[in-house]
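Okay, thanks for coming, everyone. Let me put the model up and then walk you through a few parts of it.

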Amino acid sequence: MDPADRPLFELTHRFADELPELCTPWPGAEVPDPQVVLVDDQLAKELGLDPTDLRTADAARTLVGMEVPEGAEPVAQGYAGHQFGGYSPRLGDGRALLLGELHDLDGRELDLHLKGSGRTPFARGGDGKAAIGPMLREYVISTAMHALGIPTTRALAVTTTGEPVYREDGPLPGAVLARVATSHLRVGTFQYAASMQDAALLQRLVDHAIGRHHPAAADADRPALALYEAVLDAQASLVARWMLVGFIHGVMNTDNTTISGETIDYGPCAFLDAYDPATVYSSIDHGGRYAFGNQPSIVQWNLARLAETLLPLIDEDQDTAVGLATDLLQQFPERFTVAWRAGMRAKLGLVTEHESDPELFDDLLRTMHEQGSDLTSTFRALSSVVRGDAGPLADQLGDRTALDGWLDRYAARRADDGRPDDEVADAMDRTNPAYVPRNHLVEEALAAATAGDLAPVEQLVDVLRQPFEQRPGLDRYTHPAPVEFGQGYQTFCGT
């Protein structure tokens, strides 16, 4: 085939073929003037795509859903979910489409998904559209999360639509986000399937999830239970990684908890400045259900909802099934703690386990909380301490001596490991980022983009692609938000 005749995307429709009950074929909405404004060139190349091709007028029509790639069968996926603890039996992709599946250069199967592509039968009264700000937020934050080594959906492109969308603050430029994920299966997908009381459908969903994400479970004596354990482990690892960098998802409903263990749906998300487990930024989280420190217990609650859907496939006897699932669920706190403590050891440059580690970690975080210390800057400053300069760490403390006793214990703990200080410090700098998506910088960049200037977003993304390498001229990207910014700061869903 002449390269000029090759389709932009070569897509399959596995989900639509295997689970038609869980989706609805649907087209994207017509828009007046689609224009691709951002492309992740690195991701495009990993997908075997030419980034230049993604910036054409033809690509723009595909990336908003107006034109369907040859062989693709776009669908809106159905799912249910507990939202802030209350069950909604029918949610689904109200403003999104699964275009289909593609494969990257390593042969991995990935979903290509559009967000903001127009109303679907799942829209529940919404307009099905998206403003450029929230779509760029997902582009920025998901790019940063990937660079930090945290499993996530990834933004491929943002395309403006040439029409306004209307929100509480008036008309805003419309946009569509194209993203990829290893799938968009959620706990809510299983809740939706289970509500249909069709054992064969639920079995097909389990088989689909095992095939795409956890193939080893297929050989287990109880595949559904093995799938559950694999999801539990993946989520324990994921949320531990969130906690280690100060990420707050903001809306951890069961429809936002993936089977793959990827972070999904960056709505009212944010990053901590000062370390405080009670931090809530989301404007819709009035009771603090999804506060930073609650995230491990919330994902365990969500996994309990997943277990409920799988019981008929775990064992024919319900009491046996409940017992097996409960035994695994009760292991979640320990599995999370193991992952989190391993991450804390890495952040402190430690390579062995010691019985004193939990107290060492907890005392550091407690002092940071008491002192109002910036999470990212404090951990980054600890490598300077290891190199013999305590000044940067002292600058993070209201009382410059608050960690003196802790530092003595930390030095003794490092001595137990027996590694040279320069080796320890270098390892810490490869683990503790210098740059994260600081909330005030994200808001600044999104405001500029909404007004028509994409340069601040492009610069921010460029910085965040290399979070561990501190570079000259980028000091403003390491600074916490000004005090006046942090007072009353809120994030919003964007719908």
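So, α11 passes α14 in a left-handed crossing. Left-handed here says that the near helix is turned anticlockwise from the far one by less than a right angle, while clockwise would be right-handed. On the α11 side the contact uses D357, E359, L360, D363 and L364, and on the α14 side W406, R409, Y410 and R413. Contact, by the way, is heavy atoms within 4.5 Å. Sorted by class, that contact has four nonpolar, no polar and five charged residues. For the classes, Ala, Val, Leu, Ile, Met, Phe, Trp, Tyr, Cys and Pro are nonpolar, Asp, Glu, Lys and Arg are charged, and the others, Gly among them, are polar. Helix α11 covers residues 357-371 and α14 covers residues 404-417, and they pack at an angle of about 145° with axes 11 Å apart. The axes are lines fitted to C-alpha atoms, for helices over the stretch in contact, and the angles run from 0 to 180 degrees between N-to-C directions.

Some housekeeping before I go on. This is a predicted model, where local features need pLDDT of at least 70 and side-chain atom pairs count only at pLDDT 80 or more, while totals for chains, interfaces and linings use all residues. Residues are numbered from 1 along each chain as its sequence is written, and side-chain values use heavy atoms, with hydrogens and water left out. Helices (H or I, at least four residues) and strands (E, at least two) are DSSP runs, numbered from the N terminus.

Now another helix pair: α16, residues 439-450, and α17, residues 455-464. These also pack at about 145°, with their axes 7 Å apart. From α16, residues L441, V442, A445, L446, A448 and A449 meet P456, V457 and L460 of α17. That contact divides into nine nonpolar, no polar and no charged residues.

On to α12, residues 375-386. How far does α12 reach from its first C-alpha to its last? The answer is 18 Å for 12 residues, close to the 16 Å expected at 1.5 Å a residue. The expected span is 1.5 Å times one less than the number of residues. Of those 12 residues, 11 are buried, where buried means under 20% relative accessible area, exposed means over 50%, and partly exposed is in between, with a 1.4 Å probe and protein chains only. Among the buried ones are F379, R380 and L382. The cover over them includes α7, α10, α11, α13, α14 and α15.

Since α7 just came up, let's look there. Its 23 residues, 223-245, should span 33 Å at 1.5 Å a residue, and the end C-alpha atoms are 34 Å apart, which agrees. Helix α7 is mostly covered too, with 17 of the 23 residues buried. Just after α7, G246 takes a positive phi of about 85°.

Next, the strands. Why do we call β7, residues 109-115, largely enclosed by the rest of the structure? Because seven of its seven residues are buried. Both faces are covered, with E109, D111, H113 and K115 on one side and L110, L112 and L114 on the other. Strand β6, residues 96-103, pairs with β7 in the antiparallel sense over seven bridges; pairing needs at least two bridges found by DSSP. Within that pair, L97 is bridged to L114, and A96 to K115. Five residues sit between the strands of this hairpin, and G107 there has a positive phi near 85°. Strand β6 is mostly covered as well, with seven of its eight residues buried. β7 also pairs antiparallel with β9, residues 170-181, over five bridges, and there H113 has R179 as its bridge partner.

T189 is in helix α5, and at 3% relative accessibility T189 counts as buried. Leaving out residues up to four places away in sequence, T189 touches L22, G78, Y79, H184 and L205.

F84 is at about 55°, in the loop between β4 and β5, and F84 is partly exposed at 30% relative accessible area. R124 also has a positive phi, near 55°, and lies in the loop between β7 and α4. Is R124 buried or exposed? At 55% relative accessibility, R124 counts as exposed.
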